[in-house]
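This report walks through one protein model, from its sheet to its aromatic side chains. Please keep the sequence and the 3D view at hand.

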Amino acid sequence: MKVGIVGGGIVGLSVAWELARRGEQVTVYDRDPRRGAGRVAAGMLAPAAEASFGEEALQGLMLESMRRWPGFAAELSAATGMPLGYRTEGTLLVALTDDDLTEVRRLVDYYLRAGLPVEPLRGRELRELEPMLSPRVRGGAKAAGDHQVDPRLLLAALRSERLPVTWVERDVEDLSSLRDDVIIVANGIGIGRLTGLPVRPVKGQLLRLRGAEPLLTHVVRGVALGRHVYLVPRADGELVVGATEEERGADTTVTAGGVLDLLRPAADLLPGVAELALAETLAGLRPGTPDNAPILGRLEGHPPGNVYVAGGHYRHGVLLAPVTAHAVADLVTKGSTDVDISAYGVGRFT
């Protein structure tokens, strides 16, 4: 079977790799994959700390994908010989003030009721784990089951010439122009243009800071004076700081206000941030849907079994890549999947 995948981001390439492993002939169409959200993403694999109120069903899918991530990472590294920056230290939830701590405790209670492995900690216990945290930090928690990966290394591995996937550098303006047996639309915010599905761009600004040595070991998700921020350390001294969420259409301008909104809480929680070099400022576009959940399944109105959609992952594209790849490959090759994706079908928007 010849499978054409429109979109060379993390989700599209993960599906491509899974189908290629199953023996299908896969072609990926993307003129410039550097435009995608993956190059801007921080790479947190956080089914606990990323969970939001009202997203219980989605959290189940996130947990299933997290269960698959260790094997996914090990197999991809083995197939390509390339590192992914996969780390398992966990995430710390950190609050600066009493009001911030009330908000964090509310989240922790929600996680505990959901049965997630989250351990409440006092400020002193947090600083024992991360000595560079501000002495003003009041408390928080540890989510030991949350991991991280470096999305840029992940993209490089998924694009490796050692994987049996053909790459065609072109934009697809009309699905009818493709001659593949099956087409999978996975081009992020471009899904709406090709399918009419309600996928919108949600702007996110992000900073990459750099120092000689890492300031942190764990990922830190913090609240400082009501402002939310995350800090993701890399082994080489880079610190990723993010991210804004802005309904600004397709605007990718980095603004002074956006940078300030990230640096201020970051420095409040981790004072050493002020001494780091500001290496890169970026803005990307997350593909969001009306219910902020992904779209996975066959698109009606096309030849039977011909067009599928894998997108709309919003904040969770990196985390959900393994389970998306498995489920969509199942649908294409078997017609059904053992993953419960009944809540994420195309039909809820058509």
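Which residue in E6 is the bridge partner of Val 118? Ala 143 is that partner. The model is a predicted one.

## The sheet

E5 and strand E6 (residues 139–143) run antiparallel and share five bridges. Both strands sit in an open sheet of eight. The strand order is E5-E6-E4-E11-E12-E13-E10-E14, and the pairing is mixed. Strand E5 (118–122) and strand E14 (277–288) form the edges. Each has a single partner strand, so one side of each lacks a neighbour in the sheet. From one strand to the next, the twist averages 20 degrees.

Helix H3 (residues 98–113) packs on this sheet. The helix touches strand E4 (91–95), E5, E6, strand E11 (219–224) and strand E12 (227–233). The directions of H3 and E4 make an angle of about 145 degrees.

Asp 236 lies in the loop between E12 and strand E13 (238–242). Is this residue buried, exposed or partly exposed? Asp 236 has 46% relative accessibility, so it counts as partly exposed; the exposed class needs over 50%.

Leaving aside residues up to four places away in sequence, Asp 236 touches Arg 210 and Gly 211. With Arg 210 the link is a polar contact, side chain to side chain, at 3.5 Å. The side chain of Asp 236 also has a polar atom 3.1 Å from the backbone nitrogen of Glu 238. Tyr 86 is 150 residues from Asp 236 along the chain. Their C-alpha atoms are 13 Å apart.

## Aromatic pairs

How many aromatic pairs does a search of the whole structure find? The search finds four. One of them joins Trp 69 and Phe 72 edge-to-face. Their ring centres are 5.0 Å apart, and the planes make 70 degrees. The two residues are three apart in helix H2 (residues 56–80), so about one helical turn separates them. Trp 69 is buried, at 0% relative accessibility. Phe 72 is buried too, with a relative accessible area of 7%.

Trp 69 also pairs with Tyr 86. Here the centres are 5.9 Å apart and the planes meet at 10 degrees, so the pair is stacked. Why does this pair tie together parts that are 17 residues apart in sequence? Because Trp 69 lies in helix H2, while Tyr 86 lies in the loop between H2 and E4. Tyr 86 is partly exposed, at 24% relative accessibility. The cut-off for buried is under 20%. Trp 17, Trp 69, Phe 72 and Tyr 86 form one aromatic cluster.

## Charges over rings

Arg 200 lies over the face of Tyr 314, 5.9 Å from the centre of the ring.

Notes. Residues are numbered from 1 along each chain as its sequence is written. This is a predicted model: local features need pLDDT of at least 70, side-chain atom pairs count only at pLDDT 80 or more; totals for chains, interfaces and linings use all residues. Side-chain values use heavy atoms; hydrogens and water are left out. Two strands pair if DSSP finds at least two bridges between them. Helices (H or I, at least four residues) and strands (E, at least two) are DSSP runs, numbered from the N terminus. Axes are lines fitted to C-alpha atoms, for helices over the stretch in contact, and angles run from 0 to 180 degrees between N-to-C directions. Contact means heavy atoms within 4.5 Å. Buried means under 20% relative accessible area, exposed over 50%, partly exposed in between (1.4 Å probe, protein chains only). A polar contact is a pair of N or O atoms within 3.5 Å; within protein, one must be able to donate a hydrogen and the other to accept it, and residues adjacent in sequence count only if both atoms are side-chain atoms. Rings of Phe, Tyr and Trp (its six-membered ring) pair if their centres lie within 6.5 Å; planes under 30 degrees apart count as stacked, over 60 as edge-to-face and the rest as tilted. A charge sits over a ring if NZ of Lys or CZ of Arg is within 6 Å of the ring centre and within 35 degrees of the ring normal.
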